[in-house]
Amino acid sequence: MSDEQTPQRLEVADTIMKRGLGSPAIFVVLYTSLASAIYFSLGVVADHALGLTPVVFLVAALLFALAAMTYVEGASLHQDKAGSTVFARYAFNELVSFVAGWAILLDYVILIAVTAFTATNYAAAFYAPLGRGGTEIVLAFAIIAYVALRNIRGFTAKRVSRLSLLVVADLVLQALIIVVGLVTVFDADLLLDPIQLGTSPGWEDTLFALGVATVVFTGLESASGLAGEVGAGRRQLKRLLLSASGSILFLYVGIALVALTALPVVDGRTALGDTFVEAPMLGVVAALDQAWLSDGLKYVLAAAATVTLIAAANSAMLGLSRLAYNLSTNRQIPARIGRLHPTRSTPYVAITLGALLAAVLVLPQDLDVLVGIYAFGALLGLTIAHVSIVALRVREPDLRRPYAVPLNVTVRGASLPVPAIVGAVLSFAAWVSVLLFHSGARWVGLGWMLTGLVLYVAYRRAEGKPIFKRVLVPASALRHVDAPSVEYGSILVPIFGTPLDDDIVQTAGRLAGNWHDDFDSEEGATIEALWVFEIPMALPLDARLPDHQLETARAALRRAKAVGEEYEGVEVATATIRARRAGTAIVDEARRRGVEAIVLAAEEPTRIRGGALLGGRGGPRDNFVGEVTKQVLAKAHCQVILTAPPADDPLMDPSPDR
């Protein structure tokens with residue numbers, strides 16, 4: 001999130017977001033959640049699913065694969081700083097978007113609490129009091145505070161590099177435990193003999209365990225929160241999807257097989273769900289036959305688990321901050337909650353509130369209840385994500401999709417993804433089972449959602465905003481600004497049909513939106529979107545224009561109107577005019593319409609002295625702008641704000657093969 005720039009007479013803005021984190025950031029966020037979840041979910045799942053724990057994790061891996069396909073398509077389609085809430089916004093409306101966002105917000109808070117609490121129990125391998133009583137709570141609070149401070153400082157490429165090494169090392173350690181366990185302690189009879197379907201475990205417990213196993217899905221939400229800030233191509237997305245799904249299948253099922261034979265089910269109970277429920281992986285290592293191997297792995301695992309769980313809390317807080325930013329800029333929660341840090345540009349208020357809520361949730365020290373409530377939010381958000389992707393295939397069938405979910409069926413002309421449909425049905429069924437069989441998840445989850453809906457409706461009504469329509473505000477609305485910003489009630493925006501059109505309309509929308517907020521005008525601010533047809537001197541001004549030119553102009557103006565009116569209180573009027581020279585026409589129209597500013601996309605100047613058409617001599621004219629821009633700057637009666645990509649932007653590369 002970059003700082004807003006104050007408009008001047010001549011402003012050249014960088015319109016292309018720098019993607020400095022790269023695809024390793026997605027790997028880190030996704031795999032940190034994947035690697036850490038086994039450290040706290042194994043005990044809770046085994047406590048309910050008993051001998052069926054490997055089967056539960058196998059089904060969860062398949063559900064994850066379906067979810068990964070949905071999230072990758074959605075994140076590549078609309079690159080906002082959130083996941084399911086963004087998909088629902090474009091597929092349905094703001095109310096459904098809020099429901100998804102509010103549910104996932106609960107999950108982020110719970111995940112921060114769970115990872116911080118579980119980290120203390122693994123740290124207790126070095127000093128036992130760290131996992132008991134008041135010392136445990138104090139240490140959990142310290143971890144939460146550390147995570148909050150790190151996220152207020154921001155997520156940097158250097159942190160990505162360090163976390164990448166940590167994640168890889170942790171995954172290798174987990175794979176090593178699987179191999180050692182299968183060789184030394186695995187016994188299929190110990191695994192299969194205690195299973196009595198419907199009785200040990202019961203169907204209710206099995207279904208609830210499946211809901212708990214979805215804990216890894218939050219990594220998909222957090223990774224989606226980096227959309228627009230990372231660069232990942234189609235192949236990279238596919239590789240990441242396949243590797244993540246395969247890793248879950250191997251690691252979670254493999255560890256479950258080893259765990260349930262190392263600590264088998266006896267009389268309907270397992271030590272994984274009793275003695276070691278808060279640090280189940282330590283129980284698995286302790287049960288290895290060779291003492292030297294068990295003791296050595298104990299401390300290595302404890303250290304790795306502690307650090308990985310703290311990193312997972314970091315990833316969860318990162319997801320929370322992105323989601324809070326998205327909800328605030330769309331006025332789904334008050335702007336004060338999404339307030340940005342003046343120098344770090346991170347939503348420090350939301351991060352602080354999330355840390356406080358997580359600290360409160362640590363106090364009961366009840367992992368089963370926390371993970372159950374998590375399953376409520378994760379499955380609700382996942383269901384909405386799947387349904388949204390299906391709906392977007394109907395609403396936006398022609399929008400470019402760098403990645404599209406495979407295996408489609410055609411229904412009434414729409415290509416619908418079968419994996420997303422299956423995922424929606426299964427995740428909804430799992431969500432219903434959590435509601436039916438877990439009282440904590442039912443009452444806390446429903447209470448959270450009902451409270452959020454009441455607050456959302458009350459906030460929108462108090463602000464005079466519609467319940468279902470999007471209300472977008474710029475990032476500047478989330479900042480403390482000492483100097484007064486520049487606002488305009490009427491702005492002329494020439495449209496040229498270039499990739500910069502969206503940028504100049506958004507710039508005008510921010511300025512006009514600020515004017516509306518400050519003056520609370522019932523009529524709102526106006527953007528005049530103008531397309532100029534330059535008619536050669538050889539033709540009369542009223543000469544018939546080619547159909548393709550007319551359609552290009554209409555499409556560009558329709559797009560400008562849609563983009564501009566996303567800003568609250570802004571109305572976009574569109575028009576076309578004919579003129580001999582575009583620069584003169586823009587100046588004349590601005591004066592005739594009485595606008596207060598012109599926001600203009602500066603065209604690239606000729607880079608040859610004397611003019612390219614005349615074969616001019618000399619070097620490039622880097623200090624000059626194009627003819628239209630020069631004329632508007634020289635003759636306009638009002639402020640002129642220029643926006644253009646940097647000189648090395650590929651959008652401005654004139655080569656034919658770009």
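Guide: Happy to! Leaving aside neighbours within four places in sequence, Arg470 is in contact with Asp80, Arg89, Tyr90, Glu94, Asn330 and Glu566. Do keep in mind that this is a predicted model.

Visitor: Which side chains does the side chain of Arg470 make polar contacts with?
Guide: One is the side chain of Tyr90, at 3.3 Å. Another is the side chain of Asn330, at 2.6 Å.

Visitor: Where is Arg470 found?
Guide: Arg470 sits in the loop between helix H16 (439–462) and strand E3 (490–495).

Visitor: And is Arg470 buried or exposed?
Guide: Buried: the relative accessible area of Arg470 is 17%, and the cut-off for buried is under 20%.

Visitor: Switching topic, which residues touch the most other members of the largest nonpolar core?
Guide: Those are Phe40, Leu42, Phe57 and Met281, in a core of 140 residues. Helix H4 (residues 94–123) gives the most to this core, with 19 residues.

Visitor: How many residues of H4 are buried?
Guide: 28 of its 30, so H4 is largely enclosed by the rest of the structure. From first C-alpha to last, H4 reaches 43 Å, close to the 44 Å expected. At its start, a side-chain oxygen of Asn93 comes to within 3.0 Å of the backbone nitrogen of Leu95.

Visitor: Back to Phe57, what is it in contact with?
Guide: Setting aside neighbours within four places in sequence, Phe57 is in contact with Ile38, Ser41, Leu42, Val45, Ala213, Tyr252, Val253 and Ala256.

Note on methods: Residues are numbered from 1 along each chain as its sequence is written. This is a predicted model: local features need pLDDT of at least 70, side-chain atom pairs count only at pLDDT 80 or more; totals for chains, interfaces and linings use all residues. Side-chain values use heavy atoms; hydrogens and water are left out. A nonpolar core is a set of buried Ala, Val, Leu, Ile, Met, Phe, Trp, Tyr and Cys residues joined through side-chain atoms within 4.5 Å. Buried means under 20% relative accessible area, exposed over 50%, partly exposed in between (1.4 Å probe, protein chains only). Helices (H or I, at least four residues) and strands (E, at least two) are DSSP runs, numbered from the N terminus. Contact means heavy atoms within 4.5 Å. A polar contact is a pair of N or O atoms within 3.5 Å; within protein, one must be able to donate a hydrogen and the other to accept it, and residues adjacent in sequence count only if both atoms are side-chain atoms. The expected span of a helix is 1.5 Å times one less than its number of residues.
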